[in-house]
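Trainee: I would like to learn how to read a model of this kind, one feature at a time. Could you take me through it slowly?

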Protein chains: 2
Amino acid sequence: MKLKDLSELLNLSQTTVSRALNGYPEVSEATRRRVREAAEIHGYHPNVRARSLATGRAMAIGHVIPLSSRHEMMNPVFTDFTAGAGEVYAARGYDMLLTIVPDNLQEQTYRELRTKGAIDGLIVHSPKLAEQRIHLLNDIGIPYVVHGRASDCDEPYAWVDMNNTHAFRRATDLLLDLGHRRIALVNGLGDMDFAIRRQAGFEEAFAARGLEVDPELMAGEEMTEMYGYDATRAFLVRPDPPTAFLVSSIITALGVRRAIGEAGLRLGRDVSIVTHDDDLSYLQNRGDVPMFTATRSSVREAGRHAAHMLIEMVENPAAGLPHELLEAELILGQSTGPRMQRAAE
Amino acid sequence: MKLKDLSELLNLSQTTVSRALNGYPEVSEATRRRVREAAEIHGYHPNVRARSLATGRAMAIGHVIPLSSRHEMMNPVFTDFTAGAGEVYAARGYDMLLTIVPDNLQEQTYRELRTKGAIDGLIVHSPKLAEQRIHLLNDIGIPYVVHGRASDCDEPYAWVDMNNTHAFRRATDLLLDLGHRRIALVNGLGDMDFAIRRQAGFEEAFAARGLEVDPELMAGEEMTEMYGYDATRAFLVRPDPPTAFLVSSIITALGVRRAIGEAGLRLGRDVSIVTHDDDLSYLQNRGDVPMFTATRSSVREAGRHAAHMLIEMVENPAAGLPHELLEAELILGQSTGPRMQRAAE
DNA sequence: GACTCACCCCAAAGCGCTTTGGACGCGGTC
DNA sequence: GACCGCGTCCAAAGCGCTTTGGGGTGAGTC
């Protein structure tokens with residue numbers, strides 16, 4: 001069933017049918033109703049390719065997932081973010097185009113996406129410190145929203161980010177208030193922008209009390225469970241082991257907890273953990289007293305925000321570049337307690 | 001830069017340029033080279049919408065993610081599956097269209113996807129026991145591959161699945177061999193096809209030894225960490241608690257482990273766990289001796305298989321409906337050991 | 001009754017590509 | 001020398017939609 005068939009069926013021109021369905025005022029309400037009903041009955045949906053060829057709009061948003069050959073990891077955070085964004089796209093009539101790209105083909109992929117005309121805008125995931133993609137995309141000239149920020153980039157761009165520095169400042173303050181001084185930072189990969197900001201918040205809290213962080217107690221890696229486990233084991237065998245852990249992902253925190261348990265230490269008594277919690281649907285840190293004390297910020301909600309922003313930019317290109325900084329809640333759970341004096345002390 | 005521009009630049013017709021780029025034999029090698037070079041230099045890429053309007057092929061594959069309003073969960077398994085499929089799509093020049101759909105709009109969405117002409121084929125996720133989508137899609141007449149199977153469906157369809165029954169039969173046998181008799185099954189949602197097959201494997205192993213399963217020791221829910229924790233706590237306070245747990249997801253297994261730890265039981269000594277392991281990149285169960293004894297089957301690999309299959313079906317519709325049954329490996333880890341005699345016994 | 005003005009509707013162009021159905025020139029065959 | 005076949009190339013139609021620029025009809029105005 002195509003437009004032509006439907007118009008012939010109704011004894012109307014294609015113009016009128018098209019206008020009726022798209023809500024143009026040049027058509028009487030009676031006709032519009034008649035057309036709408038017929039379209040409904042015959043299950044007519046305009047061919048999106050023909051439509052977007054005619055309008056110049058793709059009605060699709062691209063998500064480009066960088067897949068580093070070193071890691072080959074599909075970020076779970078991305079999953080929830082996408083789900084949030086997907087809801088918004090669906091509600092506003094956009095499709096979501098997912099592209100998984102090896103690191104080395106990034107530039108080519110972005111340029112192609114543009115010239116191929118497959119999308120109206122895109123989301124940039126996992127920005128690094130100095131993010132070349134921003135420059136590239138400004139050059140290409142396509143609307144985009146960055147999930148996160150790029151500290152070392154002075155070009156303008158739209159973004160949605162969580163206040164990483166502040167969240168980790170507060171989390172560190174909590175641990176310091178509890179008397180902890182040897183705090184390990186189990187962070188994400190060192191070149192990721194969020195990891196840098198979190199470390200900054202961590203250091204800020206120490207500095208504000210005239211304390212110094214021990215660089216030996218900071219680790220940065222892809223945030224897997226295994227990494228949390230391995231890093232924690234390494235920390236615990238040190239001569240002066242940490243009494244608290246500040247962790248960048250709840251998945252990694254599970255690994256930290258495992259290593260702590262295996263070492264015979266009791267969580268929340270002998271050792272404390274504060275973790276960041278993206279509120280992933282399959283790893284909810286909830287309950288009367290949540291498992292982990294955490295800085296919580298729903299990444300799914302961030303996805304919704306980013307999608308709204310981007311669609312707004314696409315439909316109204318004249319407006320400026322929006323930003324949005326989301327704050328994390330500090331949730332008190334079972335994994336923290338005052339620093340215990342060691343038997344040896 | 002569009003075809004017309006490029007052809008004028010080269011003093012050739014659009015026909016010739018198009019043919020040169022698409023490898024048709026009617027054009028001389030010299031011209032083809034000239035065209036290819038010019039296209040490269042000027043970064044020409046054909047507009048995909050125009051092309052697919054002309055060819056009738058969308059060059060895109062759809063993934064429809066059902067989002068039940070009850071749960072609002074974005075399956076982590078899906079993430080890795082998608083990554084695997086995405087690799088293949090990219091390599092074969094297809095785009096991936098992701099649609100997140102509330103349960104109640106499924107049918108409408110599938111039909112629209114078809115008539116809108118946005119995709120050439122699609123992947124069906126998370127089939128249930130009696131899967132109406134198969135009937136629907138056969139009716140619509142669009143190529144698709146199911147990730148999993150639908151036991152109660154006698155219509156033909158293409159699928160990629162893991163041998164759930166066999167994997168859980170083997171896992172159960174292992175636990176029975178170790179002397180366990182009170183084994184809890186911490187399964188996925190009861191109406192999911194994979195959960196039914198896993199339970200069948202579980203029961204088969206018991207039946208083969210003339211033993212009976214205790215229906216009180218079987219749970220079925222969305223496979224979150226929290227669920228594993230809650231279910232296990234409930235099992236452990238029973239008068240005759242299980243000595244082993246067979247779990248359907250490594251995420252849930254983490255919750256099971258947590259509850260066991262909190263109860264003061266030692267994993268692999270007092271209590272055993274065998275879990276299914278989809279080999280998720282962020283939750284790898286590896287190392288010299290993996291954390292969990294597990295039935296492992298890479299869901300990412302399944303994604304690759306499904307994508308290949310589907311593209312084959314799209315490009316060669318005459319061929320039959322392919323199937324593929326992947327076997328899981330049984331990995332021996334730290335979480336299993338022989339059944340301990342209780343002090344009370 | 002002629003004129004204006006809404007109001008509804010239509011024919012046709014155009015979006016950027018592929019593909020059909022030739023056209024043209026050149027060497028080889030009888 | 002007429003004919004054929006082959007290798008190269010081209011003009012134009014068509015994919016299904018939106019949108020421009022009218023065109024007809026009837027009510028309202030003087």
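Predicted model: local features only at pLDDT ≥ 70, side-chain atom pairs only at ≥ 80, totals over all residues.

Trainee: How should I think about the two protein copies, and by what turn can chain A be laid on chain B?

Mentor: In general, two copies of a chain are related by a rotation about an axis and a shift along it. Here chain A can be laid on chain B by a turn of 180 degrees with a shift of 0.1 Å along the axis, and the RMSD is then 0.2 Å. The two copies are thus related as by a two-fold rotation axis. The same surface serves both copies, since 98% of the contact residues of chain A recur in chain B.

Trainee: How many residues does each chain bring to that contact?

Mentor: Chain A gives 43 residues and chain B gives 42 residues. On the side of chain A that touches chain B, the elements giving two or more residues are α4, α5 (76–92), β2 (95–102), α6 (106–115), α10 (225–236) and α11 (250–262), and the largest share, seven residues, comes from α5(A). Sorted by class, this side of chain A has 20 nonpolar, 13 polar and 10 charged residues.

Trainee: Do strands run parallel or antiparallel where β2(A) is joined to β2 of chain B?

Mentor: They run antiparallel, and three bridges join β2(A) to β2 (residues 95–102) of chain B. As one pair to look for, Leu98(A) has Met96(B) as its bridge partner in β2(B).

Trainee: Which residues are closest to DNA strand D?

Mentor: Of the 26 residues that surround DNA strand D, the closest are Lys2(A), Leu3(A), Ser18(A), Ala50(A) and Ala54(A). Both chains take part, because at least two residues of this surface come from each of α1 (3–10), α2 (14–21) and α4 (48–55) of chain A, and from each of α2 (14–21) and α4 (48–55) of chain B. The largest share, five residues, comes from α4(A), and by class the surface near DNA strand D has nine nonpolar, 12 polar and five charged residues.

Trainee: Finally, is Thr172(B) buried or exposed?

Mentor: A residue counts as buried if 20 or more other C-beta atoms lie within 10 Å of its own. Thr172(B), which is placed in helix α8 (residues 164–177) of chain B, has 27 C-beta neighbours inside 10 Å and therefore counts as buried. Leaving aside neighbours within four places in sequence, Thr172(B) is in contact with Ile183(B), Gly201(B), Phe202(B), Ala205(B), Phe206(B) and Leu246(B). The C-alpha atoms of Thr172(B) and Ala244(B) are separated by 9.7 Å, although these residues are 72 residues apart along the chain.

Terms used: Residues numbered from 1 in each chain as written. Chains lettered and ligands numbered in written order. Least-squares fit on C-alpha atoms with pLDDT ≥ 70 in both. Contact = placed C-beta atoms within 7 Å. Near = placed C-beta within 6 Å. Helix = DSSP H or I, 4+ residues; strand = E, 2+ residues; numbered from the N terminus. Nonpolar A, V, L, I, M, F, W, Y, C, P; charged D, E, K, R; others polar. Pairing = 2+ DSSP bridges. Buried ≥ 20, exposed ≤ 12 C-beta atoms within 10 Å, placed from the backbone.
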